[in-house]
Amino acid sequence: IIMVDEEWKDFKMSNFHSLWIVPIGKAFDTFVKINKELSQKYDAPIFEPHMTLIGNLEINQEECLQKSGILASLIKPFSIRFKIAKCLDKYYRCVFAKADESAQLINAAKLAKQIFYDNGEEFIPHISLLYGDYSMDLRKTIVKSLNFDVEFMFEKLIVTNSSKFSKISDWKIIEEIKLVE
């Protein structure tokens, strides 16, 4: 059987997964509002607010779900706080909310790399607020305009079919896995 380019791309993308932490409550509402406002103002994509615990994993869905279950069984729920905005010269980290780096959060990221594999990407605990290729001056202006102090309980791991290689509109949530109580 011969796959045409589009079929191959779809097949290939279905084997890329990421594990997200999605904010809940006031934190979710705050980040959705900021993303929507910035995206409309700067003609940028609107996306689900999330923190990528580990991403761009080239792994089949069955194995990803199995390993995600193991990871979730090793992490107890904990609180994550965001109070400052930052920016980088990167499309997916254009403007973001920086998470307080708790021992639990850093440990969760380390466990993810041990259970899956080290994908070579540095874990920077954050939730992006704007994607795009804008000047650093504009990014810094946007950062200065943002003001928030939100916190939420990380209680479930979100398994997604997503990667930096796929279109944002193609990202899909596969499963939500509760952490150990």
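Reader: Is N56 buried or exposed?
Author: The model is predicted: local features need pLDDT of at least 70, side-chain atom pairs count only at pLDDT 80 or more, and totals for chains, interfaces and linings use all residues. Numbering runs from 1 along each chain as its sequence is written, and side-chain values use heavy atoms, with hydrogens and water left out. Relative accessible area (1.4 Å probe, protein chains only) under 20% is buried, over 50% exposed, and in between partly exposed. At 12%, N56 is therefore buried.

Reader: Which strand holds N56, and what is its phi?
Author: Helices (H or I, at least four residues) and strands (E, at least two) are DSSP runs, numbered from the N terminus. By that count N56 lies in strand β2. N56 is a residue other than glycine, yet its phi is positive, near 55°.

Reader: What is the accessibility of D43, another residue with positive phi?
Author: D43 is not a glycine either, and its phi is about 50°. D43 sits in the loop between α2 (25–42) and β2. It counts as exposed because its relative accessibility is 73%.

Reader: What is the volume of the largest pocket?
Author: A pocket is found on a 1 Å grid over the protein atoms alone, as an open set of points with protein on both sides within 12 Å along at least five of seven lines; a cavity is instead a set where a 1.4 Å probe fits but cannot get out, and lining residues have an atom within 4 Å of a point. Points are joined across faces, edges and corners, and volume is the space filled by probe spheres set on them. For the largest pocket that space is about 530 Å³.

Reader: Which element gives the largest share of the pocket lining?
Author: The lining has 26 residues, with T52, N56, Y92, R93 and E121 nearest the centre. By class, 10 are nonpolar (Ala, Val, Leu, Ile, Met, Phe, Trp, Tyr, Cys, Pro), 6 charged (Asp, Glu, Lys, Arg) and 10 polar (the others, Gly among them). β1 (16–21), β2 (51–58) and β5 (126–130) each supply at least two residues. The largest share, 6 residues, comes from β2.

Reader: Which residues does S68 touch beyond four places in sequence?
Author: S68 lies in helix α3 (residues 61–74). With 0% relative accessibility, S68 counts as buried. Taking contact as heavy atoms within 4.5 Å, its partners beyond four places are L19, F116, L157, V159 and I177.

Reader: How far from the sulfur of C87 is the nearest cysteine sulfur?
Author: A disulfide is a pair of cysteine sulfur atoms within 2.5 Å, and the whole structure has 0 of them. C87 is buried, with a relative accessible area of 16%. Its nearest cysteine sulfur belongs to C94, at 7.5 Å.

Reader: How far apart in space are K144 and P45?
Author: K144 lies in helix α5 (residues 136–145) and is exposed, at 73% relative accessible area. K144 and P45 are 99 residues apart in sequence, and their C-alpha to C-alpha separation is 21 Å.
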